[in-house]
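Try each task before you read its solution.

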Amino acid sequence: MEVDEVVCLPRLSRVAVCGGTHGNELSGVYLVRELLKVKKGVMEKEEEQEEEEPLSVLKVLSNPRAMQQCRRYVDTDLNRCFTHIVSLSPSGLTSGTVPYEMIRSRELNAMLGPKGRSGAVDLVCDLHNTTANMGLCLIAYSDCDWICLHIFRHLQRKMPDIPMRYIHFEVSNKESYSLDSVGKHGFAMEIGPQPHGVVRSNVYTAMKAGVQHMLDWVCFFNSGTLFEGESVDVFTMIKHIDYPRDSETRNITAAVHPHLQDRDFCPLHPEDPLFQTFSGETLRYKGNEPLYPFFINECAYYEKGIALSLARKRRNQL
């Protein structure tokens with residue numbers, strides 16, 4: 001009889017749950033605030049009863065200044081500041097001309113990292129909201145990280161009524177740019193749709209459940225539970241598409257087509273409607289293959305020149 005190979009991995013002793021990396025994405029802000037209300041929360045108490053070595057859960061409000069102003073960021077996007085964090089000079093981050101988020105990224109790297117070093121936390125879960133109709137997504141830089149993929153599969157089983165996807169950004173460790181890249185393992189938990197600057201009870205509740213199930217899985221893993229090999233769908237980001245723009249003013253000249261709006265992760269085929277110009281013309285998708293759109297019409301991405309992202313889907317065996 002053929003026996004599957006058993007893979008043994010070190011326990012996850014330190015996990016960070018971060019909210020407010022974008023100060024107007026309020027589910028994570030309020031969830032982390034709730035977790036910080038008491039020094040010994042229910043999560044930690046349960047974990048200490050089950051484990052000889054208690055799991056350390058760090059609760060972090062990532063961007064306090066942006067949270068105070070209920071803005072995505074103060075000077076620059078904090079979630080794009082971690083690419084070269086290990087090479088940043090502390091003396092170079094004290095000048096008043098340095099963006100606040102660059103200084104804060106250094107502080108977070110000291111708290112949770114250093115990035116790429118043995119002293120970094122074992123797992124970072126960074127909480128985000130999107131205005132796009134994406135359900136609950138885990139976004140990671142690896143499509144073969146055993147820890148992240150098994151957490152995703154655990155959430156799928158525990159939350160069957162919530163649409164859930166695993167998104168893979170094919171970026172090297174050196175070029176990874178977001179807060180979750182500071183940990184040995186990490187992912188963003190992205191939930192929507194929710195307007196920025198607003199908290200919706202159903203979205204908050206889904207995020208709270210997702211975080212609890214994630215921590216439960218870590219406890220199972222640390223206790224020596226065996227996990228069978230499974231398969232999951234992975235959406236690998238292929239490219240971004242910008243809005244049509246005026247060649248001189250750079251103003252957008254079209255909106256996402258009504259037939260595409262809110263259809264995140266539904267296949268987009270060649271010649272399907274993509275945009276509708278402000279004069280009423282339909283612009284069609286000119287790709288060579290069906291791909292899966294996500295972050296459709298995300299509010300925060302107008303400034304980044306992204307109307308939607310496209311992914312290729314494949315089945316990944318754990």
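**Exercise 1: the cores**

Task: find the largest nonpolar core and say which residues have the most contacts inside it.

Solution. This is a predicted model, and its largest nonpolar core counts 39 residues. The most contacts inside that core belong to Leu127, Ile151, Phe187, Met189 and Met214. Next, look at who supplies the residues: helix H6 (residues 201–222) gives the most, with 11 residues. Now zoom in on methionine 214. Skipping its neighbours within four places in sequence, methionine 214 is in contact with Val15, Val17, Leu123, Cys125, Ile151, Leu155 and Phe187. Finally, another core of 19 residues lies apart from this one, with Ala132, Tyr292, Phe295 and Ala311 among them.

**Exercise 2: one side of a helix**

Task: work out where the buried residues of H4 sit around the axis.

Solution. Start by listing the buried residues of H4: Tyr100, Glu101, Arg104, Ser105, Leu108, Asn109 and Leu112. They cover an arc of only 165° around the axis, so they end up on the same side of H4. What covers them includes strand S1 (14–19), strand S2 (56–61) and helix H3 (64–69). As for length, H4 (residues 100–112) reaches 18 Å from its first C-alpha to its last, close to the 18 Å expected.

**Exercise 3: asparagine 109**

Task: is asparagine 109 buried or exposed, and what does its side chain reach?

Solution. Asparagine 109 lies in helix H4. Its relative accessible area is 6%, and the cut-off is under 20%, so asparagine 109 is buried. Its side chain reaches the backbone nitrogen of lysine 115 at 2.9 Å. The C-alpha atoms of asparagine 109 and valine 182 are separated by 6.6 Å, although these residues are 73 residues apart along the chain.

Key: Residues are numbered from 1 along each chain as its sequence is written. This is a predicted model: local features need pLDDT of at least 70, side-chain atom pairs count only at pLDDT 80 or more; totals for chains, interfaces and linings use all residues. Side-chain values use heavy atoms; hydrogens and water are left out. A nonpolar core is a set of buried Ala, Val, Leu, Ile, Met, Phe, Trp, Tyr and Cys residues joined through side-chain atoms within 4.5 Å. Buried means under 20% relative accessible area, exposed over 50%, partly exposed in between (1.4 Å probe, protein chains only). Helices (H or I, at least four residues) and strands (E, at least two) are DSSP runs, numbered from the N terminus. Contact means heavy atoms within 4.5 Å. The expected span of a helix is 1.5 Å times one less than its number of residues. The arc is that of the directions from the helix axis to the C-beta atoms. A polar contact is a pair of N or O atoms within 3.5 Å; within protein, one must be able to donate a hydrogen and the other to accept it, and residues adjacent in sequence count only if both atoms are side-chain atoms.
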